[in-house]
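Please walk me through this fold, from its sheet to its surface. Keep it brisk.

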Amino acid sequence: MKINGLRVLVVEDSPFLAELIEDMLTEAGAIVVGSASSVDAALNELRARSVDLVCLDIMLGPELSFAVADALAAQRIPFVFVTACDAKIVPERHRRQPLIDKMDLVARLVATCSAARASAAVPA
């Protein structure tokens with residue numbers, strides 16, 4: 001599955017996983033416009049860049065990324081949680097967002113990003 005031209009921000013605190021996600025997205029045709037490893041850095045990237053989709057880790061070091069998820073929802077930017085956390089940690093307001101367990105990353109990342117972007121393009 002291709003996601004040609006999709007501008008993606010990767011929010012991940014593990015440099016290894018961030019690079020893996022970026023490589024997978026780039027190989028599928030996406031344009032990785034930036035990377036952030038903390039809530040503040042992610043919010044700054046969102047103010048500075050135009051993005052079509054965000055891959056968002058839930059645990060960014062000691063902080064949870066739900067402030068970023070709230071900002072994305074307010075701006076109507078689709079996002080995909082990419083996490084090792086139990087899905088039960090996700091607040092009710094974000095439970096409809098796609099969630100990829102990091103153990104399934106290689107098998108599901110590109111297809112889930114494509115589906116998230118497609119469903120966001122459908123008028124509510």
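This is a predicted model: local features need pLDDT of at least 70, side-chain atom pairs count only at pLDDT 80 or more; totals for chains, interfaces and linings use all residues.

**A walk through the sheet**

S6 and S7 are joined by three bridges and pair in the parallel sense.

Now step back to the whole sheet. Five strands form an open sheet, in the order S2-S1-S3-S6-S7, and the pairing is parallel. Two strands sit at the edges: S2, residues 31-36, and S7, residues 99-101. Each of these edge strands pairs on one side only. From one strand to the next, the twist averages 20 degrees.

S3 and S6 run parallel and are joined by three bridges. Here Val54 has Phe79 of S6 as its bridge partner. Next along the order comes the pairing of S3 with S1. Strand S1 covers residues 7-11 and strand S3 covers residues 53-56. Four bridges join these two strands, which run parallel. Val8 stands opposite Leu53 of S3.

Helix H2, residues 39-48, lies across S1, S2 and S3. Its direction makes an angle of about 145 degrees with S2.

How many of the five residues of S6 are buried? Five of the five are, so S6 is largely enclosed by the rest of the structure. Buried here means under 20% relative accessible area. In a regular strand, side chains alternate between the two faces of the sheet. In S6, both faces are covered. Phe79, Phe81 and Thr83 are buried on one side. Val80 and Val82 are buried on the other.

Follow the chain out of S6. Ile89 lies in the loop between strand S6, residues 79-83, and S7. Is Ile89 buried or partly exposed? Its relative accessible area is 35%, so Ile89 counts as partly exposed.

One more loop deserves a look. Gly61 is placed between strand S4, residues 59-60, and strand S5, residues 63-64. With a relative accessible area of 37%, Gly61 is partly exposed. Which residue lies 47 residues from Gly61 in sequence and 8.8 Å from it in space? That residue is Ser14, with the distance taken C-alpha to C-alpha.

How values were computed: Residues are numbered from 1 along each chain as its sequence is written. Side-chain values use heavy atoms; hydrogens and water are left out. Two strands pair if DSSP finds at least two bridges between them. Axes are lines fitted to C-alpha atoms, for helices over the stretch in contact, and angles run from 0 to 180 degrees between N-to-C directions. Contact means heavy atoms within 4.5 Å. Buried means under 20% relative accessible area, exposed over 50%, partly exposed in between (1.4 Å probe, protein chains only).
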